[in-house]
Amino acid sequence: MAMKLTIELDREVDGRWIAEVPELNVLLYGETKPEAIQRAQSAAREIVLDRIAHGELPPDSANAIFDIAA
């Protein structure tokens with residue numbers, strides 16, 4: 001079964017978007033909503049792959065599914 005990760009989005013007063021993946025404690029900014037989502041997904045994938053490499057997560061975690069909570 002694929003790992004499910006949530007991307008929570010919020011907008012700062014200065015207009016930047018924050019994308020958070022709470023399951024991995026990841027928080028990234030983007031100038032646009034799509035950029036913030038893309039950056040969060042990329043960072044989350046890197047973290048998951050690193051944890052798989054260190055035996056902290058099963059190999060099928062690499063196929064993580066993102067749920068975007070807008």
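Reader: How many bridges join strand S1 to strand S2, and do they run parallel or antiparallel?
Author: In this predicted model, four bridges join the two, and the strands run antiparallel. S1 covers residues 4-11 and S2 covers residues 17-21.

Reader: Which residue in S2 is the bridge partner of Arg 11?
Author: That is Trp 17.

Reader: What holds strands together in general?
Author: Strands of a sheet pair through backbone hydrogen bonds, either parallel or antiparallel.

Reader: OK, zoom out. What is the strand order in the sheet?
Author: The order is S3-S2-S1-S4. The sheet is open, has four strands and shows mixed pairing.

Reader: Which strands stand at the edges?
Author: Strand S3 (26-30) and strand S4 (65-69) do. Each has a single partner strand, so one side of each is left without a neighbour in the sheet.

Reader: And what does the twist average?
Author: From one strand to the next, the twist averages 25°.

Reader: What packs on the sheet?
Author: Helix H1, residues 33-53. The helix touches S1, S2, S3 and S4. Its direction makes about 150° with that of S3.

Reader: What pattern does the chain follow along the sequence?
Author: It reads β-β-β-α-β. That comes from one helix and four strands.

Reader: What box do the C-alpha atoms fill?
Author: Roughly 40 × 20 × 15 Å, taken along the principal axes.

Reader: Switching to the core. Which residues touch the most other members of the largest nonpolar core?
Author: Leu 5, Ile 7, Val 21 and Leu 24. That core has 18 residues.

Reader: Which elements give two or more residues to this core?
Author: S1, S2, S3 and H1. H1 gives the most, with five residues.

Reader: Stay on Ile 7. What is it in contact with, leaving aside neighbours within four places in sequence?
Author: Ala 19, Glu 20 and Val 21 are on the list.

Reader: Does Gln 41 count as buried or exposed?
Author: Buried. Its relative accessibility is 19%, and the cut-off for buried is under 20%.

Reader: What share of the chain do buried residues make up?
Author: Buried residues make up 34% of the 70 residues.

Reader: Now Gly 30. Where is its place, and is it buried or exposed?
Author: Gly 30 is in strand S3. The residue is buried, with a relative accessible area of 4%.

Reader: What does Gly 30 touch, sequence neighbours aside?
Author: Arg 16, Trp 17, Glu 35 and Ala 36, not counting residues up to four places away in sequence.

Reader: And how many residues apart are Gly 30 and Ala 19?
Author: They are 11 residues apart in sequence. In space they are 7.8 Å apart, C-alpha to C-alpha.

Reader: Back to Arg 16. Which ring face does Arg 16 lie over?
Author: Arg 16 lies over the face of Tyr 29, at 4.1 Å from the ring centre.

Definitions and conventions
Residues numbered from 1 in each chain as written. Predicted model: local features only at pLDDT ≥ 70, side-chain atom pairs only at ≥ 80, totals over all residues. Heavy atoms only, no water. Pairing = 2+ DSSP bridges. Axes fitted to C-alpha atoms, helices over the stretch in contact; angles between N-to-C directions. Contact = heavy atoms within 4.5 Å. Lys NZ or Arg CZ within 6 Å of the ring centre and 35° of its normal. Buried < 20%, exposed > 50% of the residue type's maximum accessible area, 1.4 Å probe, protein only. Core = buried A, V, L, I, M, F, W, Y, C linked by side-chain atoms within 4.5 Å.
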